[in-house]
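Please walk through the model below with its sequence at hand. The paragraphs take up confidence, then the sheet, then the helices and a few single residues.

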Amino acid sequence: MTFQYGGRKQKRRSTIIWVGLFIFAVYIMITLYSAYSLLENTSGKQKRQERGVLAKSTLSTEIFEVEVWGKAAIGLYFWEHIMEGNLKSKETDLVRLGEKIIDNVKFSFRTGPGIIPQTVPKNSQNVILILNGRVREKIKFAEMWLKSLQMLPNIKNVAVILLGNEQCNNNWLLPYMVKQGGLVNIAYIVYDIPNQGNTIFQWPLGVATYRNFPKVILSESDISHHRQYMCNFLGTVYPNSSRETLQKIFYEHKLYTICYLRLRETWQPTESKETANEYYHALLHSDLTLSPVGVNTECYRLYEACSYGSVPVVEDIQTPGNCLNTPLKLLKYYNAPFIYLKSWAELPEILEKEKQLTLEQKIQRRENLLRWYWKFKRKLQQSFVVQIKRSFFSYLE
């Protein structure tokens, strides 16, 4: 009996061991399966991510072509100063060409009198038109170009960079916008702009390329030398304008002894070699450049002074017309390091403060101005390219 009892006990113990081994084996199998599933899922996810990265990489390397047709002088400021592009042909050629790739967008620039609707590429799909809309005659010419786009069989997207009217009468462009049934996706306008949400943006006037103002490259000595003049003003004195006030202050306070002054009674659309060199000399050798208003507060002088590191002293007032009451809005948005005043009666006090500055302080200010101007143009380039990609190639995002 004792033996039989011990046998049953041993048999029961053996059964328990086998059951335990079976449960352990099942546990191992479940663990291995879970691990395999986890690895498989991770591998699949990684492969999907790799396929996504590859697709994105393939898409980002595709080149998208945009034609730029410059039919206004501001086109050269756009191309050479902001886009930092080169022109392959000579100034005397009827057509001048340039190409530049930025963020996988190839911009092909064309300008010159030889660019007419009959000579532009007929297969163009994406076009940027640079036009002059300052006066009625120029507007008619601009409208002719906008209407000619309808004849292009493959046209898909259009942007306009417009030299606007100095009194901000630019509403003639609105019927050509996509929102009102036209072809123009987006527009950039010099001076003030109509309120059109995210389809119309402000654009800088830039330097007077129509007077062949150069793309200035300063040497280290140009930046660090003592400048002969505290300020300069070379320009036309219009009757009953603040420029007459400035002229009186110059003579009353004998500012001509410390500033470079050259006045004329009538505006000249072109400059001789001698007058141009005199202007460049004044900018290069002046700490400040005085900028009284003309028809509009914004003028070429602001950007030309920045090119030479001469701080603009700006008469910050609203000019007559339909412009908003925020003159120089774009420059202020980018924190242009200018000196602003409301009346030229403030000028003598400003110049007294200038006398207290050391050469080192003036050099630092020049460097800051030149650095700001470079960044200003680079930021405009970047924001412009981003906006073109969003408007023309929205599927890239």
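The text below starts with how far the model can be read.

This is a predicted model, in which local features need pLDDT of at least 70 and side-chain atom pairs count only at pLDDT 80 or more, while totals for chains, interfaces and linings use all residues. Residues are numbered from 1 along each chain as its sequence is written, and side-chain values use heavy atoms, with hydrogens and water left out.

The mean pLDDT (the predictor's confidence in each residue, from 0 to 100) is 86 for the protein, and 83% of its residues reach 70 or more. Residues 1-13 have a pLDDT below 50, and beyond near neighbours in sequence this stretch has 0 contacts (heavy atoms within 4.5 Å) in the model. Over residues 30-59 the pLDDT is likewise below 50, and that stretch has 3 contacts beyond near neighbours in sequence. Where pLDDT is low, the predicted coordinates should not be read in detail.

Helices (H or I, at least four residues) and strands (E, at least two) are DSSP runs, numbered from the N terminus. An open sheet is formed by 7 strands in the order β2-β3-β1-β4-β5-β6-β7, with mixed pairing; two strands pair if DSSP finds at least two bridges between them. Its edge strands are β2 and β7 (200-203), each of which pairs on one side only. On average, neighbouring strands of this sheet are turned by 20° against each other, direction ignored; such angles run from 0 to 180 degrees between N-to-C directions, and axes are lines fitted to C-alpha atoms, for helices over the stretch in contact.

Strand β3 shows both kinds of pairing. With β1 (residues 64-70) it runs parallel, joined by 7 bridges, and Gly70 stands opposite Thr111 in β3. Strand β2 (residues 96-102) is antiparallel to β3 (residues 105-111), again with 7 bridges, and Arg96 stands opposite Thr111. The hairpin of β2 and β3 has 2 residues between the strands, and Asp103 there takes a positive phi near 50°. Asn104, in the loop between β2 and β3, has a positive phi of about 50° although it is not a glycine. Asn104 is buried (under 20% relative accessible area, against over 50% for exposed and partly exposed in between, with a 1.4 Å probe and protein chains only), at 14%.

Which strands does helix α3 (residues 136-148) lie across? They are β1, β4, β5 and β6, and α3 runs at about 170° to β4. Helix α2 is mostly covered, since 8 of its 9 residues are buried. Among them are Leu76, Phe78, Trp79 and His81. Just after α2, Glu84 takes a positive phi of about 55°.

Tyr303, Cys306 and Ser307 in α7 meet residues of α10 including Leu369, Trp372 and Phe376.

Two single residues remain. Leu328, in the loop between β11 (311-315) and α8 (329-333), has a positive phi of about 60° although it is not a glycine, and is buried at a relative accessible area of 7%. Thr236, in strand β8 (residues 229-236), is buried at 2%.
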